[in-house]
Amino acid sequence: MKRNIVIATVAAAALVGGGTATALAVTGDGDAPTKQSSVRAADDDRDDRDDRDDSDDRDDRADDKADRAEDAADAKAAKVTAADAIAAALKNVQGTAVSADLDDEGSSLVWNVDVLSSGGAWHSVRIDPGTGKVLGSHAEQEDADDTAEARAALKGSSVTAEEAAKAAAAKGTVTSVDLDDDGRTSGWDVDTTASNGTEKEWKVDLKSAAVTADTSSDDNSSDHDDNDSDDDGSDD
């Protein structure tokens, strides 16, 4: 269940409501102003590279290497782990953490943690990846079906998002933890980034915390192939 804040909706509402929605966008559950993260994201020019029409394999490999370098820099810059970010969010809002993602918001890095309260309300909590402090939080309306799916997936589970992040940390720096509630088998989807920027996807069992490679993704095998090519120093 990937849940992202829809800023466009807020902006559109602001045009209709004369700025009211803008106030909502920058205030949290307790009406506290949203704060700026202390961690800057790596310089990101990947959009320019993606827009370029270039069929040269060497350039493609160079772009991939640059992307991995940026991913590695972002992962290293986040001194607060995914598990610690989740713990910090749950101190701010009571409930069950359903996802945590290390996102770049403009020039800054932020942990975005989604929490489902016992009453069914969703809260998005922003955590500073440098200090672990809460930058802001706000409640969100979520589709009743999505809420029911999340609750069904979590029913009978014994492994929390925080524990899943800790379990997967042995595989690399955890940059994303997300509840998989629409697959054949419920579990935690976890993304990790290695020191060289290679990203891997993992499944963490909701009951045993066993970590296995996510075979449903082609990224794991392709990243492995890319690394083999880089290690060989081949320019083919």
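Before anything else, I need one term: two strands count as paired if DSSP finds at least two bridges between them. I also note that this is a predicted model.

**Entry: β6 and its neighbours.** I began with strand β7, residues 199-204, which pairs with β6 in the antiparallel sense over six bridges. Across that pairing, I found T192 opposite K200 in β7. Five residues lie between the two strands in their hairpin, and G197 there takes a positive phi near 90 degrees. Then I looked at β5, which is joined to β6 by seven bridges, again running antiparallel. Here S176 stands opposite D191 in β6. I also checked how covered β6 is: five of its seven residues are buried.

**Entry: β2 and its neighbours.** Next I turned to β1 and β2, an antiparallel pair with nine bridges. L102 sits opposite W111 in β2. The hairpin of these strands has two residues between them, and G106 takes a positive phi near 70 degrees. β2 is also joined to β3, through six bridges and in the antiparallel sense. I noted D114, whose bridge partner in β3 is S124. This hairpin has five residues between its strands, and G120 shows a positive phi near 100 degrees.

Why is β2 largely enclosed by the rest of the structure? I counted its buried residues and got nine of nine, so the strand is largely enclosed. I then sorted them by direction: S108, V110, N112, D114 and L116 point one way, while L109, W111, V113 and V115 point the other way, and all are buried.

**Entry: the core.** Which residues have the most contacts inside the largest nonpolar core? I found W111, V113, I127, V177, L179 and W188, in a core of 38 residues. The elements that give two or more residues to this core include the strands β1 (96-105), β2 (108-116), β3 (122-127), β5 (173-180) and β6 (187-193). The helices α5 (82-92), α6 (144-154) and α7 (161-168) are also among them. α5 gives the most, with six residues. A general reminder to myself: in soluble globular proteins, nonpolar side chains tend to be buried together.

**Entry: a closer look at V177.** I listed what V177 touches, leaving out residues up to four places away in sequence. The list is A82, V98, S99, A100, A161, A165, W188, D189 and V190. W188, like V177, is one of the residues with the most contacts inside the core.

Definitions and conventions:
Residues numbered from 1 in each chain as written. Predicted model: local features only at pLDDT ≥ 70, side-chain atom pairs only at ≥ 80, totals over all residues. Heavy atoms only, no water. Core = buried A, V, L, I, M, F, W, Y, C linked by side-chain atoms within 4.5 Å. Buried < 20%, exposed > 50% of the residue type's maximum accessible area, 1.4 Å probe, protein only. Helix = DSSP H or I, 4+ residues; strand = E, 2+ residues; numbered from the N terminus. Contact = heavy atoms within 4.5 Å.
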